[in-house]
Amino acid sequence: MELAVQVGARLRELRTARGMSLSELARRAEVGKGTLSELEAGRRNPTLETLYALTTALGVPLSTALHGPALQVAVSGRAVDAVLLERFEDADAVTETYRVRIRAGAAQESAAHATGTTERIIVLAGTARVGPVAAPELIGPGEHGSWAADVPHLYQAPEGDAEALLVVRYPAA
């Protein structure tokens, strides 16, 4: 089954399980109703920004929409390409690990995630400017950083592409 169809079906399943109408989810996520309808029908590929907006409005981690048996999902945003490598869930939190590429010359501002969400990055190659929009840090190869992801935060590669591992931890609801 094609990725757009799988993700769309999962979004519809999550929305209906919460008793939300298409209009209500679109309003809460600040996504067009037509866009959401096309996503759920598998006729449109979601961007990373759109998926984060929808999963935040649904109150679930991003990986909930991407996770499936033998499924390695890649999503892209304005500046970031991300592949979900692992999802771990226990009583305290859901932790996701992504392989990310931050594309040179582009910047991506990620909206605030659920309260208490944190992100950690290990830069493998290149240099990344990441963290809260008000105070991002410059992180080079072999270095790491972390920040609260329940505030708007930035991803940018000022000098060529940056390759990294990103760990996102969502506290249990």
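Contact, as I use the word in these entries, means heavy atoms within 4.5 Å. I keep in mind throughout that this is a predicted model.

**Entry 1: helices H2 and H3**

With that cut-off I looked up where H2 and H3 touch, and I found Leu-22, Ser-23, Leu-25 and Ala-26 of H2 meeting Lys-33, Leu-36, Ser-37 and Glu-40 of H3. Sorted by class, the residues in this contact are four nonpolar, two polar and two charged. Two packed helices are described by the angle between their axes and the distance between the axes, and I therefore took both values next. Helix H2, which covers residues 22-29, packs against helix H3, residues 33-40, at an angle of about 115°, and the axes lie 9 Å apart. I noted the crossing of H2 and H3 as right-handed.

**Entry 2: the buried face of H2**

I then asked which residues of H2 are buried. They are Leu-22, Leu-25, Ala-26 and Ala-29. Looking down the axis of H2, I see these buried residues fall within an arc of 100°, so they line one face of the helix. Among the elements that cover the buried residues of H2 I listed helix H1 (3-17), together with H3 and H4. Just after H2 I came to Glu-30, which takes a positive phi of about 55°.

**Entry 3: helix H4**

Helix H4 spans residues 48-58 and is mostly covered, with eight of its 11 residues buried. I wrote down the buried residues of H4 as Leu-48, Thr-50, Leu-51, Tyr-52, Leu-54, Thr-55, Ala-57 and Leu-58. The residue that follows H4 is Gly-59, and I read its phi as positive, near 75°.

**Entry 4: the four-stranded sheet**

Turning to the strands, I traced an open sheet of four strands in the order E4-E9-E6-E7, paired in the antiparallel sense. Which strands stand at the edges of this sheet? They are E4 (107-110) and E7 (137-139), and each has a single partner strand, so one side of each is left without a neighbour in the sheet. On average, neighbouring strands here are turned by 20° against each other, with direction ignored.

Technical notes: Residues are numbered from 1 along each chain as its sequence is written. This is a predicted model: local features need pLDDT of at least 70, side-chain atom pairs count only at pLDDT 80 or more; totals for chains, interfaces and linings use all residues. Side-chain values use heavy atoms; hydrogens and water are left out. Two strands pair if DSSP finds at least two bridges between them. Helices (H or I, at least four residues) and strands (E, at least two) are DSSP runs, numbered from the N terminus. Axes are lines fitted to C-alpha atoms, for helices over the stretch in contact, and angles run from 0 to 180 degrees between N-to-C directions. Buried means under 20% relative accessible area, exposed over 50%, partly exposed in between (1.4 Å probe, protein chains only). A crossing is left-handed if the near helix is turned anticlockwise from the far one by less than a right angle, and right-handed if clockwise. Ala, Val, Leu, Ile, Met, Phe, Trp, Tyr, Cys and Pro count as nonpolar, Asp, Glu, Lys and Arg as charged, and the others, Gly among them, as polar. The arc is that of the directions from the helix axis to the C-beta atoms.
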